[in-house]
Amino acid sequence: MAELGGFAGMVHWSGGPGRTRRLRLVAGGGLPWPALQKWVEIAEDAPHSAPATALRDGGYVCMPAACGIRPPDGEPVAAALVAAVPLIGWGGRSGTLSVLSARGEPTPEQRTFLEEAARWVVTHVPSPEETDDQQWWHTQPPHSPHLRTTMDAVQVGSWQWNVGTGDMFWDEAALRLLGVSGTDVRLFGNWADLVHPDDLPKVMAAIEESLRTGDGHEAEYRFRRPDGATRWMQSRGRPVLGDPDAPNRVVGTVWDTTESRIARQAVGDVMLYMGDAFLGVNRNWLITFLNSAAEHLLGPARNIVGRGLWEGPAGQVVGLEERCRQAAADGVPVSVDIRWPTDGRWYHMRVAPHPEGLTAYLTDVTEDRTSVTRREAGRRARATRQKVAAQSGPISELAVALSEAVTMQDVVDVLAAHVMPRFGSAGLLVQVVGEGRLHVVGAVGYSEDHIRSLERLPLSGSGPVEEVALTRKPQFISSPAEWAARYPWLTHLLATSAKQAWAFLPVIASGHPVGCCVLSYYEPRRFTHEERDLLTAFSGMFAQALSRARLYDTEHARAQTLQRALLPPALPSTPALTTAARYLPASSTEVGGDWYDVIPLSAERVALIIGDVMGHGLGEAATMGRLRTAVHTLADLDLPPDEILAHLNDLFTDLGNEFYATCLYCVYDSVTGDCSIARAGHPPPAVILPDGSVSFSDLVPDPPLGAAEPPFTNLQISLPEGSRLVLYTDGLVESASRDIDIGMAELAKILTGKPVGTTRAQGGDQAQLEQLCDAVTGALLPAEQPTADDTALLVALTHRLPSDSVTRWELPDGPVAAGVARAHVREQLGVWALDDLVMTTELVASELVGNVVRHAKGPARLRLLRSRTLVCEVSDGSAATPRIRRATDADEGGRGLQLVAALSQRWGTRYTPDGKCIWTEQALPTQP
């Protein structure tokens, strides 16, 4: 009815008991039952009846209906049409499906819809032979048990709204979906009050547009059921005209889309934040969706969605449009490696057609292609070295030394050690081209003034270095006179260099000039043919080594930048702990998965976390970033350490068997001095007591995340004030040459005898912890020794909240508890000279205690903490967590937590061993 803009609908069966030649009405809706009486029984040969004609002709028919039809609570319909289609099934034409409308003849699309609905009815309603209920063939009210069963199967309800009176009519299926009774949504305003406030404006806009234009509307909204649940509903409706000027009713259907919404949102979140770029286009090649990674390639989604794919950077990739159009035409996925014009990186692009268009995935394969380039460059370098080694023994030694050089400084050191003595040179310069200038990356035998002079020279194209790069041939200058004759505008360099002969050797890698290597001499020199040949051969090997070293240095710097970007930029300052940390990357270019974090919690508690994702590479670094983000999210829930690790283990299990990680999570309470520790495969923390003694926790570790089976184990220890916690990853104490037990023994030896100083100044404590970090890393990880694993170190000095800054009370049972709590608050804030906070704190405490009295169970306790903020806590013996709900104007309650949230900087709930604690934080008044 809603789809065709109708105001009533009917289902007739042909025959019935005895198979008489008559159509019998078995279900109807939209009109009062008395108004349907004229259609209760229709002769199959009736000439002017749409249902009878549709049954006889076996197809769709639309005919005028009798005048004077009156919809519920509406004006009589002057000219109505009946659109009918036959129900064909169970061996023949078994009945008809009809819709009464005052909006004119249905469109072709509506006619097709009606025919599809008829086919659906035949497949979902039992045939006459399948039912034993003979009464079913007699005329029944619109909501018959069989129709209700069918509607239950598809979870769809119907509704009507009288625009003039505001009355709404809902069938039983709709009421069950909404979880309400008919009186709850009797009026339009009742229903609107239960629609989520954030969704109501768009729903009302759709309805108003439908009433204005006479077209149908569709909206998805959240419905707040009286039982407290919120469900997503999809509603579709169409106005019914009561006169030529305005509609007097809206009819429609409603169904529950909560599950599909959750699934769509989950898939959308995965697609939106996946590492690979993903985008979708329709059949007209207009972009319909792109995730965050694709935005880096194409631009912000708000500017790109709706534009043509080939209008942006994709249109600049040669041959890409033809490949994609061919894939769409053939309906076969296609893959191609392309170089993206905006960032110059290589991507593997997979295009997959589907009926509505196509999707494209772009995976960054620059590193893979770089590896191929490296291998090819290495192959050419080995061939060159073999050829030179056959010609000259000294060059063979040089080739071996260059193959072992890793950084550009290593390459310069090899040249200084092998080339300068062999050719008797007194100076060495290695210059590379970058940012329009020549940069000196290595020098031997030159003053700083001369190097600065070279750095200031632009690439004019008229110097010896430019000539070498342009011609790709070495240049040999035998004397200052020859220099002055060839480059008179550069004679000022002769004075600062103090050299009188030069050999300029081109540095060419992969067919491109990279820079120049210069050997110089204190005396004029004539280069022999043999020397020139050897130096030319040497320049080829040196170019490959320098190119490889530049790439290594660049990647190493990029890897360190990425790793440090994933770590916290600064540790938070809290009254509970003074902290210091170190991160030392491995010697290789690949990033690692070591990380640490310090997260302030409620009531001056602090979480200390350290972990290590096993392996090295971008995947491990990305996993570390996701793990750190998940820890921050879980820490806000104030869960115990063992439950935090259980949730993290679930996360790693979802990632599959590719990743494993160790993790240590501990929570320090500055009020009690207690520290709760849980660890998944991670080395135990070291505890340094104020007297300087060192111990490791004896908690048996659970398996690493991704391989563990909850529950995890919690260890509770008490730390005297001034104790230090030392958290670290295995890279600090374990290596290929050192077992972890030996490393931990060495760590304990370094930490022993280093008590905390007597000063309590923040700067003093911080300086001591920084010195301790330097001492530990300097002893266990000397700078001159390469490391195969990265290392994270986190040191924390514990402080206790002064006893006069904490006070607690046991509260009596019953309503009197709120008054007792207010009295305690007034008294204690007066002692603390916080009179400005008395009124708000009284109100906060009273509301929290009132919630305990009404909704929880005792014993109730009140605690106040004075630190950076004023913390008010109310504990009880119930595990039920309160939540803020929106109270309507007529509600007498439901505003307590809204008031608490408005009066506090922060508030939250954490679980305790015997119940829960609700806490709030208020800013302390500023001192005059």
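User: Is Asp654 buried or exposed?
Analyst: In this predicted model, Asp654 has its place in helix H20, which covers residues 641–654. Because exposed means over 50% relative accessible area and Asp654 has a relative accessible area of 66%, the residue counts as exposed.

User: What distance separates the C-alpha atoms of Asp654 and Gly706?
Analyst: Asp654 belongs to helix H20, and Gly706 is 52 residues apart from Asp654 along the chain.

User: How many disulfides does the structure hold, and where is the nearest cysteine sulfur to Cys675?
Analyst: A disulfide requires two cysteine sulfur atoms within 2.5 Å, and the structure holds 0 disulfides. Cys675 is accordingly in no disulfide, and the nearest cysteine sulfur, 4.4 Å away, is that of Cys666.

User: Is Cys675 buried or exposed, and what is its relative accessible area?
Analyst: Buried means under 20% relative accessible area, with partly exposed lying between that value and 50%. Cys62, with 23%, is therefore partly exposed. Cys675, by contrast, is buried, with a relative accessible area of 0%.

User: What share of the residues of the protein chain count as buried?
Analyst: The protein chain has 928 residues, and its secondary structure comes to 26 helices and 36 strands. The accessible surface of the chain comes to about 43500 Å², with 54% of it belonging to carbon and sulfur atoms. Of the residues, the share that count as buried is 48%.

User: Among contacts between residues at least 6 apart in sequence, what share join residues at least 24 apart?
Analyst: A contact here means heavy atoms within 4.5 Å. When the contacts of the protein chain are limited to residues at least 6 apart in sequence, the share that join residues at least 24 apart is 59%.

User: Which strands are the edge strands of the open sheet of 6 strands?
Analyst: The order of this sheet is E3-E2-E1-E6-E5-E4, and its pairing is antiparallel. Neighbouring strands are turned by 30° against each other on average, direction ignored. An edge strand pairs on one side only, and those that do so here are E3 (41–43) and E4 (61–64).

User: Which residue in E6 stands opposite Met10?
Analyst: Strand E1 (residues 6–14) pairs with strand E6 (residues 92–101) in the antiparallel sense, over 7 bridges. Within E6, the residue that stands opposite Met10 is Ser98.

User: At about what angle does helix H2 run to E5?
Analyst: Helix H1 (residues 50–57) lies across several strands, including E1, E5 and E6, and runs at about 145° to E6. Helix H2 (residues 108–124) lies across E5 and E6. The angle at which H2 runs to E5 is about 40°.

User: What is the strand order of the open sheet of 5 strands?
Analyst: The edge strands of this sheet are E18 (437–444) and E19 (475–477), each of which pairs on one side only. Neighbouring strands are turned by 20° against each other on average, direction ignored. With antiparallel pairing, the order is E18-E17-E21-E20-E19.

User: Which residue in E21 is the bridge partner of Pro506?
Analyst: Strand E20 (residues 501–509) and strand E21 (residues 512–521) run antiparallel and are joined by 9 bridges. In E21, the bridge partner of Pro506 is Cys516.

User: At about what angle does helix H14 run to E18?
Analyst: Helix H14 covers residues 448–455 and lies across strand E17 (427–434) and E18. The angle at which H14 runs to E18 is about 160°.

Definitions and conventions: Residues numbered from 1 in each chain as written. Predicted model: local features only at pLDDT ≥ 70, side-chain atom pairs only at ≥ 80, totals over all residues. Heavy atoms only, no water. Helix = DSSP H or I, 4+ residues; strand = E, 2+ residues; numbered from the N terminus. Buried < 20%, exposed > 50% of the residue type's maximum accessible area, 1.4 Å probe, protein only. Areas by Shrake-Rupley, 256 points an atom, 1.4 Å probe, with all protein chains shown as cover. Pairing = 2+ DSSP bridges. Axes fitted to C-alpha atoms, helices over the stretch in contact; angles between N-to-C directions.
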